[in-house]
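Hi,

Here is the structure I promised to pass on.

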Amino acid sequence: MNAPDYHIPGSTAVAPAADAGPHEMTCARTVNEVLAQSQVESVFDELERDLVGLVPIKQRIRDIAALLVIDKLRINLGLAAEAPSLHMCFTGNPGTGKTTVALRMAEILHRLGYVRKGHLVAVTRDDLVGQYIGHTAPKTREVLKKAMGGVLFIDEAYYLYRPENERDYGQEAIEILLQVMENQRDDLVVILAGYKDRMNTFFKSNPGLSSRIAHHLDFPDYAVDELSQIAQRMLTQQHYHFGDGAEDVFRDYLERRIGQPHFANARSVRNALDRARLRQASRLFSERDRVLDKADLTTLVPADLLASRVFQNPSS
Amino acid sequence: MMTNPTGKITQGQFSFLPELTDAEIRLQIDYGLGKGYAWSIEYTDDPHPRNTYWEMFGMPMFDLQDAAGVMMELASCRKTFPSHYIRLMAFDSTRNVESIVMSFIVNRPENEPGFGLLRQEVGGRSIRYTVHGYASDKPEGSRY
(Lines give C-alpha, C1' and ligand atoms only; values in the text may rest on other atoms or scores of the structure.)
Protein backbone atom coordinates (compact mmCIF):
# COMPACT_ATOMS: atom_id res chain seq x y z
CA MET A 1 0.00 0.00 0.00
CA ASN A 2 1.21 3.51 -0.72
CA ALA A 3 2.19 5.61 2.22
CA PRO A 4 0.30 8.92 2.19
CA ASP A 5 2.31 12.03 1.42
CA TYR A 6 0.61 14.03 4.14
CA HIS A 7 0.63 14.04 7.88
CA ILE A 8 -2.39 13.86 10.13
CA PRO A 9 -1.89 15.39 13.57
CA GLY A 10 -1.85 12.66 16.17
CA SER A 11 -1.96 9.88 13.60
CA THR A 12 1.29 8.33 14.79
CA ALA A 13 -0.19 7.49 18.16
CA VAL A 14 -2.62 4.91 16.87
CA ALA A 15 -3.36 2.75 19.88
CA PRO A 16 -3.74 -0.93 19.06
CA ALA A 17 -7.14 -1.57 20.60
CA ALA A 18 -7.18 -5.26 19.72
CA ASP A 19 -5.76 -6.73 22.88
CA ALA A 20 -7.97 -4.83 25.29
CA GLY A 21 -9.69 -8.09 26.29
CA PRO A 22 -7.13 -9.99 28.35
CA HIS A 23 -5.95 -6.89 30.19
CA GLU A 24 -9.32 -6.32 31.82
CA MET A 25 -8.48 -8.83 34.51
CA THR A 26 -4.85 -7.94 35.03
CA CYS A 27 -5.29 -7.38 38.72
CA ALA A 28 -7.03 -10.67 39.51
CA ARG A 29 -4.73 -12.98 41.45
CA THR A 30 -7.11 -15.37 43.19
CA VAL A 31 -9.91 -17.58 41.98
CA ASN A 32 -12.36 -15.53 43.98
CA GLU A 33 -11.31 -12.33 42.25
CA VAL A 34 -11.87 -13.85 38.81
CA LEU A 35 -15.21 -15.26 39.92
CA ALA A 36 -16.25 -11.90 41.31
CA GLN A 37 -15.32 -10.20 38.05
CA SER A 38 -17.07 -12.70 35.81
CA GLN A 39 -20.09 -13.33 38.06
CA VAL A 40 -20.06 -16.95 37.04
CA GLU A 41 -21.14 -17.97 40.54
CA SER A 42 -24.60 -16.61 39.95
CA VAL A 43 -24.88 -18.79 36.83
CA PHE A 44 -23.95 -21.82 38.93
CA ASP A 45 -26.62 -20.91 41.47
CA GLU A 46 -29.21 -20.50 38.74
CA LEU A 47 -28.13 -23.81 37.26
CA GLU A 48 -28.48 -25.50 40.63
CA ARG A 49 -31.82 -23.85 41.26
CA ASP A 50 -33.47 -24.16 37.86
CA LEU A 51 -32.28 -27.56 36.67
CA VAL A 52 -33.37 -30.66 38.54
CA GLY A 53 -30.97 -33.60 38.67
CA LEU A 54 -28.33 -33.76 35.88
CA VAL A 55 -25.52 -34.18 38.43
CA PRO A 56 -22.79 -35.35 36.00
CA ILE A 57 -23.60 -32.48 33.61
CA LYS A 58 -23.41 -29.86 36.34
CA GLN A 59 -20.10 -31.34 37.51
CA ARG A 60 -18.65 -31.16 34.01
CA ILE A 61 -19.78 -27.56 33.60
CA ARG A 62 -18.07 -26.73 36.88
CA ASP A 63 -14.89 -28.43 35.67
CA ILE A 64 -14.89 -26.45 32.45
CA ALA A 65 -15.56 -23.23 34.32
CA ALA A 66 -12.72 -24.02 36.73
CA LEU A 67 -10.33 -24.58 33.84
CA LEU A 68 -11.28 -21.26 32.26
CA VAL A 69 -10.85 -19.42 35.56
CA ILE A 70 -7.42 -20.95 36.13
CA ASP A 71 -6.46 -20.11 32.55
CA LYS A 72 -7.42 -16.53 33.21
CA LEU A 73 -5.11 -16.48 36.26
CA ARG A 74 -2.33 -18.03 34.19
CA ILE A 75 -2.70 -15.34 31.54
CA ASN A 76 -2.57 -12.68 34.23
CA LEU A 77 0.80 -14.05 35.34
CA GLY A 78 2.04 -14.15 31.77
CA LEU A 79 1.97 -17.94 31.46
CA ALA A 80 0.93 -19.44 28.17
CA ALA A 81 -2.65 -20.62 28.19
CA GLU A 82 -3.77 -22.01 24.90
CA ALA A 83 -7.49 -21.59 24.41
CA PRO A 84 -8.98 -24.98 25.24
CA SER A 85 -11.20 -26.61 22.67
CA LEU A 86 -14.70 -26.39 24.04
CA HIS A 87 -16.73 -28.05 21.31
CA MET A 88 -19.19 -30.37 22.98
CA CYS A 89 -21.49 -33.22 22.22
CA PHE A 90 -24.67 -33.69 24.24
CA THR A 91 -26.19 -37.14 24.04
CA GLY A 92 -29.26 -38.30 25.88
CA ASN A 93 -32.81 -39.44 25.56
CA PRO A 94 -35.50 -36.98 24.50
CA GLY A 95 -36.54 -34.42 27.09
CA THR A 96 -33.43 -34.69 29.25
CA GLY A 97 -32.62 -30.99 28.95
CA LYS A 98 -30.00 -30.85 26.21
CA THR A 99 -31.25 -27.60 24.68
CA THR A 100 -31.80 -25.97 28.07
CA VAL A 101 -28.24 -26.75 29.15
CA ALA A 102 -26.88 -25.52 25.81
CA LEU A 103 -28.55 -22.16 26.40
CA ARG A 104 -26.99 -21.98 29.84
CA MET A 105 -23.64 -23.01 28.43
CA ALA A 106 -23.66 -20.01 26.09
CA GLU A 107 -24.24 -17.72 29.05
CA ILE A 108 -21.57 -19.35 31.23
CA LEU A 109 -18.95 -19.22 28.49
CA HIS A 110 -19.83 -15.59 27.88
CA ARG A 111 -19.44 -14.67 31.54
CA LEU A 112 -16.10 -16.45 31.65
CA GLY A 113 -15.04 -14.45 28.62
CA TYR A 114 -14.53 -17.49 26.40
CA VAL A 115 -17.09 -16.41 23.80
CA ARG A 116 -17.50 -12.74 23.05
CA LYS A 117 -21.26 -12.33 22.63
CA GLY A 118 -22.84 -15.34 24.31
CA HIS A 119 -25.81 -15.89 22.01
CA LEU A 120 -27.04 -19.32 20.96
CA VAL A 121 -27.87 -20.18 17.37
CA ALA A 122 -29.89 -23.39 17.27
CA VAL A 123 -29.97 -25.14 13.90
CA THR A 124 -30.89 -28.51 12.43
CA ARG A 125 -29.94 -30.24 9.21
CA ASP A 126 -32.28 -28.06 7.15
CA ASP A 127 -30.41 -24.89 8.09
CA LEU A 128 -27.01 -26.27 7.09
CA VAL A 129 -27.56 -28.51 4.10
CA GLY A 130 -28.71 -27.14 0.75
CA GLN A 131 -30.99 -28.65 -1.83
CA TYR A 132 -28.79 -28.60 -4.89
CA ILE A 133 -25.12 -28.55 -5.81
CA GLY A 134 -23.39 -25.39 -4.62
CA HIS A 135 -26.14 -24.49 -2.20
CA THR A 136 -24.69 -26.13 0.89
CA ALA A 137 -21.43 -24.23 1.32
CA PRO A 138 -22.91 -20.71 1.40
CA LYS A 139 -25.75 -21.89 3.60
CA THR A 140 -23.44 -23.49 6.15
CA ARG A 141 -21.07 -20.54 6.10
CA GLU A 142 -23.96 -18.14 6.68
CA VAL A 143 -25.07 -20.08 9.75
CA LEU A 144 -21.49 -20.21 11.02
CA LYS A 145 -21.12 -16.46 10.58
CA LYS A 146 -24.32 -15.86 12.53
CA ALA A 147 -23.07 -18.10 15.34
CA MET A 148 -19.62 -16.48 15.62
CA GLY A 149 -19.00 -14.93 19.00
CA GLY A 150 -21.47 -17.37 20.50
CA VAL A 151 -22.55 -20.98 20.51
CA LEU A 152 -23.76 -23.00 17.54
CA PHE A 153 -26.17 -25.69 18.68
CA ILE A 154 -26.81 -28.41 16.10
CA ASP A 155 -29.82 -30.43 17.18
CA GLU A 156 -30.11 -34.01 15.97
CA ALA A 157 -26.70 -33.73 14.37
CA TYR A 158 -26.67 -37.31 13.10
CA TYR A 159 -29.09 -36.29 10.33
CA LEU A 160 -26.17 -34.38 8.76
CA TYR A 161 -24.70 -37.63 7.55
CA ARG A 162 -26.84 -39.96 5.51
CA PRO A 163 -24.84 -43.05 4.59
CA GLU A 164 -27.62 -44.46 2.44
CA ASN A 165 -27.20 -41.62 -0.06
CA GLU A 166 -23.60 -41.26 -1.19
CA ARG A 167 -24.32 -37.97 -2.99
CA ASP A 168 -25.88 -36.40 0.07
CA TYR A 169 -24.76 -32.81 0.64
CA GLY A 170 -24.55 -33.36 4.40
CA GLN A 171 -20.94 -34.46 4.06
CA GLU A 172 -20.05 -31.10 2.54
CA ALA A 173 -21.63 -29.29 5.49
CA ILE A 174 -19.66 -31.48 7.92
CA GLU A 175 -16.40 -30.65 6.14
CA ILE A 176 -16.98 -26.89 6.34
CA LEU A 177 -18.01 -27.28 9.96
CA LEU A 178 -14.83 -29.21 10.75
CA GLN A 179 -12.66 -26.58 9.12
CA VAL A 180 -14.17 -23.74 11.12
CA MET A 181 -14.23 -25.76 14.33
CA GLU A 182 -10.51 -26.31 13.96
CA ASN A 183 -9.32 -22.93 12.68
CA GLN A 184 -11.59 -20.52 14.52
CA ARG A 185 -12.10 -22.21 17.82
CA ASP A 186 -11.88 -18.93 19.74
CA ASP A 187 -14.66 -17.48 17.59
CA LEU A 188 -17.35 -20.03 18.22
CA VAL A 189 -18.24 -23.12 20.20
CA VAL A 190 -20.10 -25.91 18.46
CA ILE A 191 -22.44 -28.14 20.44
CA LEU A 192 -23.83 -31.24 18.76
CA ALA A 193 -26.85 -32.91 20.29
CA GLY A 194 -28.74 -36.08 19.65
CA TYR A 195 -29.82 -39.47 20.88
CA LYS A 196 -26.98 -41.57 22.14
CA ASP A 197 -27.01 -44.64 19.87
CA ARG A 198 -27.52 -42.61 16.70
CA MET A 199 -24.77 -40.15 17.65
CA ASN A 200 -22.42 -43.08 18.19
CA THR A 201 -23.10 -44.35 14.69
CA PHE A 202 -22.66 -40.82 13.38
CA PHE A 203 -19.25 -40.45 15.06
CA LYS A 204 -18.15 -43.86 13.86
CA SER A 205 -18.66 -42.76 10.27
CA ASN A 206 -17.08 -39.33 10.94
CA PRO A 207 -14.03 -39.98 13.12
CA GLY A 208 -12.61 -36.52 12.34
CA LEU A 209 -15.59 -34.91 13.96
CA SER A 210 -15.48 -37.08 17.05
CA SER A 211 -11.82 -36.36 17.72
CA ARG A 212 -12.32 -32.61 17.45
CA ILE A 213 -14.93 -32.65 20.18
CA ALA A 214 -13.32 -32.63 23.58
CA HIS A 215 -16.38 -32.97 25.76
CA HIS A 216 -18.85 -35.78 25.31
CA LEU A 217 -21.62 -35.24 27.86
CA ASP A 218 -24.22 -37.91 28.42
CA PHE A 219 -27.54 -36.76 29.86
CA PRO A 220 -29.01 -39.35 32.22
CA ASP A 221 -32.72 -40.12 32.37
CA TYR A 222 -34.64 -38.55 35.22
CA ALA A 223 -35.83 -40.57 38.22
CA VAL A 224 -39.46 -40.33 39.32
CA ASP A 225 -38.55 -37.96 42.15
CA GLU A 226 -36.84 -35.60 39.77
CA LEU A 227 -39.69 -35.72 37.27
CA SER A 228 -42.14 -34.94 40.03
CA GLN A 229 -40.01 -31.94 41.06
CA ILE A 230 -39.94 -30.81 37.45
CA ALA A 231 -43.74 -31.08 37.33
CA GLN A 232 -44.04 -28.93 40.45
CA ARG A 233 -41.86 -26.24 38.89
CA MET A 234 -43.74 -26.26 35.62
CA LEU A 235 -47.03 -25.87 37.49
CA THR A 236 -45.69 -23.07 39.66
CA GLN A 237 -44.53 -21.24 36.56
CA GLN A 238 -48.01 -21.46 35.06
CA HIS A 239 -49.72 -20.58 38.37
CA TYR A 240 -51.28 -23.97 38.95
CA HIS A 241 -50.83 -26.38 41.84
CA PHE A 242 -51.74 -29.95 42.76
CA GLY A 243 -54.83 -30.34 44.93
CA ASP A 244 -55.19 -32.84 47.78
CA GLY A 245 -53.80 -36.20 46.74
CA ALA A 246 -53.07 -35.09 43.19
CA GLU A 247 -49.31 -35.20 43.68
CA ASP A 248 -49.39 -38.86 44.72
CA VAL A 249 -51.60 -39.64 41.75
CA PHE A 250 -49.12 -37.89 39.52
CA ARG A 251 -46.22 -39.92 40.93
CA ASP A 252 -48.27 -43.04 40.29
CA TYR A 253 -48.87 -41.75 36.76
CA LEU A 254 -45.12 -41.21 36.22
CA GLU A 255 -44.23 -44.68 37.45
CA ARG A 256 -46.67 -46.22 35.01
CA ARG A 257 -45.74 -43.88 32.16
CA ILE A 258 -41.97 -44.50 32.43
CA GLY A 259 -42.47 -48.13 31.51
CA GLN A 260 -44.40 -47.29 28.39
CA PRO A 261 -42.89 -46.65 24.97
CA HIS A 262 -42.09 -43.12 23.75
CA PHE A 263 -41.45 -41.78 27.20
CA ALA A 264 -39.70 -38.43 26.76
CA ASN A 265 -38.76 -37.41 30.32
CA ALA A 266 -39.49 -33.74 31.04
CA ARG A 267 -41.32 -33.34 27.75
CA SER A 268 -43.74 -36.12 28.69
CA VAL A 269 -44.29 -34.41 32.01
CA ARG A 270 -45.14 -31.19 30.23
CA ASN A 271 -47.58 -32.97 27.93
CA ALA A 272 -49.22 -34.80 30.82
CA LEU A 273 -49.70 -31.53 32.66
CA ASP A 274 -51.08 -29.85 29.55
CA ARG A 275 -53.64 -32.62 29.18
CA ALA A 276 -54.53 -32.35 32.87
CA ARG A 277 -55.11 -28.65 32.38
CA LEU A 278 -57.45 -29.43 29.48
CA ARG A 279 -59.43 -31.83 31.65
CA GLN A 280 -59.54 -29.33 34.48
CA ALA A 281 -60.86 -26.71 32.07
CA SER A 282 -63.65 -28.93 30.78
CA ARG A 283 -64.51 -30.03 34.31
CA LEU A 284 -64.97 -26.40 35.32
CA PHE A 285 -66.69 -25.59 32.04
CA SER A 286 -69.42 -28.15 32.69
CA GLU A 287 -70.49 -26.44 35.91
CA ARG A 288 -72.06 -23.42 34.28
CA ASP A 289 -73.60 -21.75 37.32
CA ARG A 290 -70.81 -22.18 39.81
CA VAL A 291 -68.88 -19.16 40.97
CA LEU A 292 -65.22 -20.01 40.34
CA ASP A 293 -62.73 -18.55 42.75
CA LYS A 294 -58.96 -18.40 42.42
CA ALA A 295 -58.43 -21.77 44.14
CA ASP A 296 -60.78 -23.49 41.68
CA LEU A 297 -59.00 -22.05 38.70
CA THR A 298 -55.49 -22.94 39.85
CA THR A 299 -56.00 -26.43 41.34
CA LEU A 300 -55.52 -29.73 39.53
CA VAL A 301 -57.50 -32.43 41.39
CA PRO A 302 -56.74 -36.18 41.21
CA ALA A 303 -59.68 -36.71 38.84
CA ASP A 304 -57.95 -34.55 36.22
CA LEU A 305 -54.98 -36.91 36.25
CA LEU A 306 -56.83 -40.18 36.77
CA ALA A 307 -58.72 -39.70 33.51
CA SER A 308 -55.45 -40.36 31.67
CA ARG A 309 -55.06 -43.25 29.26
CA VAL A 310 -52.22 -44.58 31.43
CA PHE A 311 -54.60 -45.40 34.26
CA GLN A 312 -57.34 -46.86 32.09
CA ASN A 313 -55.15 -49.61 30.70
CA PRO A 314 -53.32 -51.18 33.64
CA SER A 315 -52.12 -54.19 31.66
CA SER A 316 -49.66 -52.19 29.56
CA MET B 1 -2.22 19.36 -12.12
CA MET B 2 -2.13 16.31 -9.93
CA THR B 3 -5.32 14.31 -9.97
CA ASN B 4 -4.05 11.80 -7.43
CA PRO B 5 -1.85 13.74 -4.98
CA THR B 6 -1.84 11.21 -2.13
CA GLY B 7 -1.14 8.21 -4.34
CA LYS B 8 -4.33 6.57 -3.19
CA ILE B 9 -7.92 6.83 -4.14
CA THR B 10 -10.15 8.50 -1.58
CA GLN B 11 -13.63 7.08 -1.45
CA GLY B 12 -15.93 6.42 1.47
CA GLN B 13 -15.02 6.82 5.11
CA PHE B 14 -11.49 6.95 6.57
CA SER B 15 -9.94 7.25 3.11
CA PHE B 16 -7.74 10.22 4.09
CA LEU B 17 -6.41 8.26 7.05
CA PRO B 18 -3.64 5.69 6.97
CA GLU B 19 -4.89 2.21 6.09
CA LEU B 20 -7.01 0.67 8.82
CA THR B 21 -5.49 -2.35 10.50
CA ASP B 22 -7.54 -5.52 10.90
CA ALA B 23 -8.14 -4.69 14.56
CA GLU B 24 -9.46 -1.27 13.61
CA ILE B 25 -11.67 -2.75 10.89
CA ARG B 26 -13.02 -5.18 13.47
CA LEU B 27 -13.90 -2.30 15.79
CA GLN B 28 -15.75 -0.51 12.99
CA ILE B 29 -17.68 -3.69 12.18
CA ASP B 30 -18.58 -4.17 15.83
CA TYR B 31 -19.77 -0.58 15.98
CA GLY B 32 -22.05 -1.20 13.00
CA LEU B 33 -23.34 -4.49 14.36
CA GLY B 34 -24.13 -2.73 17.61
CA LYS B 35 -26.28 -0.31 15.61
CA GLY B 36 -28.03 -3.22 13.91
CA TYR B 37 -26.48 -2.71 10.46
CA ALA B 38 -25.99 -5.56 7.99
CA TRP B 39 -22.47 -5.67 6.56
CA SER B 40 -21.64 -6.60 3.02
CA ILE B 41 -18.44 -6.89 1.01
CA GLU B 42 -17.93 -5.56 -2.51
CA TYR B 43 -14.94 -5.53 -4.83
CA THR B 44 -13.99 -3.95 -8.11
CA ASP B 45 -11.01 -3.16 -10.30
CA ASP B 46 -12.64 -0.05 -11.74
CA PRO B 47 -12.81 2.48 -8.91
CA HIS B 48 -14.14 5.31 -11.10
CA PRO B 49 -16.07 7.73 -8.90
CA ARG B 50 -19.18 7.16 -11.00
CA ASN B 51 -18.90 3.39 -10.62
CA THR B 52 -21.41 3.19 -7.79
CA TYR B 53 -22.20 -0.48 -7.92
CA TRP B 54 -19.24 -2.73 -7.28
CA GLU B 55 -19.42 -6.51 -7.54
CA MET B 56 -20.93 -8.19 -4.47
CA PHE B 57 -18.75 -10.75 -2.71
CA GLY B 58 -21.44 -13.03 -1.35
CA MET B 59 -24.72 -11.96 0.13
CA PRO B 60 -25.14 -9.12 2.62
CA MET B 61 -24.71 -10.56 6.09
CA PHE B 62 -27.83 -10.11 8.16
CA ASP B 63 -28.37 -11.24 11.78
CA LEU B 64 -24.69 -11.32 12.70
CA GLN B 65 -23.66 -10.79 16.32
CA ASP B 66 -19.91 -10.66 16.08
CA ALA B 67 -17.31 -9.16 13.75
CA ALA B 68 -15.56 -12.52 13.33
CA GLY B 69 -18.06 -13.56 10.65
CA VAL B 70 -17.43 -10.46 8.53
CA MET B 71 -13.66 -10.76 9.05
CA MET B 72 -13.79 -14.38 7.87
CA GLU B 73 -15.61 -13.33 4.72
CA LEU B 74 -13.21 -10.40 4.22
CA ALA B 75 -10.23 -12.75 4.53
CA SER B 76 -11.69 -15.02 1.89
CA CYS B 77 -12.36 -12.01 -0.40
CA ARG B 78 -8.79 -10.74 0.05
CA LYS B 79 -7.52 -14.19 -0.82
CA THR B 80 -9.62 -14.32 -3.97
CA PHE B 81 -8.93 -10.71 -5.06
CA PRO B 82 -5.59 -9.71 -3.52
CA SER B 83 -5.09 -6.66 -5.72
CA HIS B 84 -8.62 -5.40 -6.21
CA TYR B 85 -10.38 -2.64 -4.37
CA ILE B 86 -12.51 -4.16 -1.59
CA ARG B 87 -14.93 -2.17 0.50
CA LEU B 88 -17.13 -2.94 3.47
CA MET B 89 -20.60 -1.45 3.50
CA ALA B 90 -23.16 -1.30 6.30
CA PHE B 91 -26.84 -1.33 5.44
CA ASP B 92 -29.33 0.20 7.83
CA SER B 93 -32.68 -1.50 7.37
CA THR B 94 -34.62 0.95 9.55
CA ARG B 95 -37.90 1.90 7.90
CA ASN B 96 -37.43 5.03 5.79
CA VAL B 97 -33.63 4.81 6.03
CA GLU B 98 -33.08 1.55 4.16
CA SER B 99 -29.76 2.56 2.70
CA ILE B 100 -26.01 2.23 3.04
CA VAL B 101 -24.85 4.20 6.07
CA MET B 102 -21.18 3.22 6.28
CA SER B 103 -18.71 2.39 3.55
CA PHE B 104 -14.95 2.20 3.57
CA ILE B 105 -12.16 0.66 1.52
CA VAL B 106 -10.31 -2.17 3.25
CA ASN B 107 -8.09 -3.42 0.44
CA ARG B 108 -6.42 -1.64 -2.46
CA PRO B 109 -3.83 -2.48 -5.12
CA GLU B 110 -0.10 -1.86 -4.58
CA ASN B 111 0.05 0.80 -7.22
CA GLU B 112 -2.80 3.19 -7.90
CA PRO B 113 -2.18 5.29 -11.01
CA GLY B 114 -5.29 7.38 -10.47
CA PHE B 115 -7.32 9.32 -13.04
CA GLY B 116 -6.64 11.58 -15.93
CA LEU B 117 -8.78 14.57 -16.92
CA LEU B 118 -9.83 14.41 -20.59
CA ARG B 119 -10.86 17.59 -22.39
CA GLN B 120 -13.06 17.35 -25.42
CA GLU B 121 -13.39 20.43 -27.63
CA VAL B 122 -16.91 20.86 -28.87
CA GLY B 123 -18.73 23.55 -30.82
CA GLY B 124 -17.23 27.03 -30.50
CA ARG B 125 -14.86 27.38 -27.57
CA SER B 126 -16.76 24.98 -25.28
CA ILE B 127 -14.89 22.20 -23.57
CA ARG B 128 -16.36 19.02 -22.09
CA TYR B 129 -14.49 17.33 -19.29
CA THR B 130 -14.41 13.72 -18.32
CA VAL B 131 -12.44 11.68 -15.77
CA HIS B 132 -10.70 8.62 -17.03
CA GLY B 133 -8.90 5.98 -14.94
CA TYR B 134 -5.46 5.12 -16.32
CA ALA B 135 -5.81 1.56 -15.14
CA SER B 136 -9.09 1.03 -16.95
CA ASP B 137 -7.35 1.07 -20.34
CA LYS B 138 -6.38 -2.51 -19.67
CA PRO B 139 -8.97 -5.27 -19.87
CA GLU B 140 -10.92 -6.26 -16.80
CA GLY B 141 -9.03 -8.56 -14.44
CA SER B 142 -5.55 -7.39 -15.51
CA ARG B 143 -5.76 -3.75 -14.41
CA TYR B 144 -3.76 -3.87 -11.18
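Predicted model: local features only at pLDDT ≥ 70, side-chain atom pairs only at ≥ 80, totals over all residues.

I'd begin with the open sheet in chain A, which is built from 5 strands. Going across it, the order is β2-β3-β4-β1-β5, and the pairing is parallel. At the edges sit β2 (120–123) and β5 (215–219) of chain A, each of which pairs on one side only. From one strand to the next, the twist averages 20 degrees.

Helix α8 (residues 196–205) of chain A lies across β1 (88–92), β4 and β5 of chain A. Its direction is at about 140 degrees to β1(A).

Two packed helices are described by the angle between their axes and the distance between the axes, so I'll give both values for each pair.

Take helix α1 (residues 31–38) and helix α3 (residues 55–76) of chain A: they pack at an angle of about 110 degrees, and their axes are 10 Å apart. Angles of 65 to 115 degrees count as roughly perpendicular, which is why α1(A) is described that way relative to α3(A). On the α1(A) side the contact is made by V31(A), V34(A) and L35(A), and on the α3(A) side by V69(A), K72(A) and L73(A). Sorted by class, that contact has 5 nonpolar residues, 1 charged and no polar ones.

The other pair is helix α10 (residues 224–237) and helix α11 (residues 246–258) of chain A, which pack at about 125 degrees with their axes 10 Å apart. With that angle, α10(A) and α11(A) are oblique to each other. The crossing of α10(A) past α11(A) is right-handed. Which residues of α10(A) meet α11(A)? They are V224(A), L227(A), S228(A) and A231(A), and across from them in α11(A) are F250(A), R251(A), L254(A), E255(A) and I258(A).

**F242(A)**

You'll find F242(A) in strand β6 (residues 241–242) of chain A. Is F242(A) buried or exposed? A residue is buried if 20 or more other C-beta atoms lie within 10 Å of its own; F242(A) has 22, so it counts as buried. Leaving aside neighbours within four places in sequence, F242(A) is in contact with L235(A), E247(A), F250(A) and L300(A). One of these, F250(A), also turned up above in the contact between α10(A) and α11(A). As for S308(A), it is 66 residues from F242(A) in sequence and 16 Å away in space, C-alpha to C-alpha.

**Chain B**

For chain B I have an overall picture. Chain B has 2 helices and 6 strands, and along the sequence they follow the pattern α-β-β-α-β-β-β-β. The C-alpha trace of chain B spans about 60 × 35 × 25 Å along its principal axes. Of its 144 residues, 26% count as buried. Among the contacts in chain B with a separation of 6 or more, 54% are between residues 24 or more positions apart.

Cheers

Definitions and conventions: Residues numbered from 1 in each chain as written. Chains lettered and ligands numbered in written order. Axes fitted to C-alpha atoms, helices over the stretch in contact; angles between N-to-C directions. Helix = DSSP H or I, 4+ residues; strand = E, 2+ residues; numbered from the N terminus. Parallel < 35°, antiparallel > 145°, perpendicular 65-115°, else oblique. Contact = placed C-beta atoms within 7 Å. Nonpolar A, V, L, I, M, F, W, Y, C, P; charged D, E, K, R; others polar. Buried ≥ 20, exposed ≤ 12 C-beta atoms within 10 Å, placed from the backbone. Pairing = 2+ DSSP bridges. Left-handed = near helix turned anticlockwise from the far one by under 90°.
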